[in-house]
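Here's a quick briefing to read alongside the structure. Have it open and follow along topic by topic.

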Amino acid sequence: TGIAGDDAEVLDAISEASAIVDAEAGARSQLLSALSQGLERQGEHRRAEELSVQALALARESGSDEALYFALNARWVISLCDAPLDYRRALVREMIEIGQAARSEKLVCAAIHFGGMDGIEGGDRHDFEETSEQLRQSDASSLWLFDMTVRSYPWRQAFLALLDGRWDDAA
């Protein structure tokens, strides 16, 4: 999800579109979500934060699961640097629920992927192992976390060593 690349012209176009669109809340939410992620990549964190919060509120108002998933995704990406881990984990749980309700393996796998990153940050070996198993049982082979947690033995061993506090073994 999000927009491709960091092209300032694309960001400007999305910004202009979101300012003039008199669309339903779900469509406007998706525009703001895309814009917020693009701004984050451009280093405009404060503005990205504001827009992603607006996008999430609009998505909830719209009742659109697609818009809500997209907005939750944007909030997770933008909150990586400064939000508590529990907050991001709640976003992931909600994304998983939406993916499951939509019967979309792709959405569920993407959310599990984010949850796995949170598990690594949280230093939770059980969470890491659980995420690895969920990814192993899913169609997640295109996600980079899949390669590091399931397919690549050296990456997996390094993460486990870090989570166990065996710093020398992780190198």
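There is one aromatic pair in this structure. The model is predicted, so local features need pLDDT of at least 70 and side-chain atom pairs count only at pLDDT 80 or more, while totals for chains, interfaces and linings use all residues. Residues are numbered from 1 along each chain as its sequence is written, and side-chain values use heavy atoms, with hydrogens and water left out.

**The aromatic pair**
- Trp 76 and Phe 114 are stacked, at 4.3 Å centre to centre with 25° between the planes (rings of Phe, Tyr and Trp, using its six-membered ring, pair if their centres lie within 6.5 Å; planes under 30 degrees apart are stacked, over 60 edge-to-face, the rest tilted).
- The pair links distant parts of the chain, with Trp 76 in helix 4 (residues 65–78) and Phe 114 in helix 6 (residues 105–121), 38 residues apart (helices are DSSP runs of H or I, at least four residues, numbered from the N terminus).
- Both Trp 76 and Phe 114 are buried (buried means under 20% relative accessible area, exposed over 50%, partly exposed in between, with a 1.4 Å probe and protein chains only).

**Helix 3**
- With 18 residues at 1.5 Å each, helix 3 (residues 45–62) should span 26 Å, and its end C-alpha atoms are 25 Å apart, which agrees (the expected span is 1.5 Å times one less than the number of residues).
- Its buried residues are Ala 48, Leu 51, Ser 52, Ala 55, Leu 56, Leu 58 and Ala 59.
- Those residues sit on the same side of helix 3 because they cover an arc of only 165° around the axis (the arc is that of the directions from the helix axis to the C-beta atoms).
- Zoom in on Ser 52: it counts as buried because its relative accessibility is 0%.
- Ser 52 is 17 residues from Leu 35 in sequence, and their C-alpha atoms are 8.4 Å apart in space.

- Most residues other than glycine have a negative phi.
- Arg 103 isn't a glycine, yet it has a positive phi of about 55°.
- You'll find Arg 103 in the loop between helix 5 and helix 6.
- Is Arg 103 buried or exposed? Arg 103 is exposed, with a relative accessible area of 79%.

Terms used:
Helices (H or I, at least four residues) and strands (E, at least two) are DSSP runs, numbered from the N terminus.
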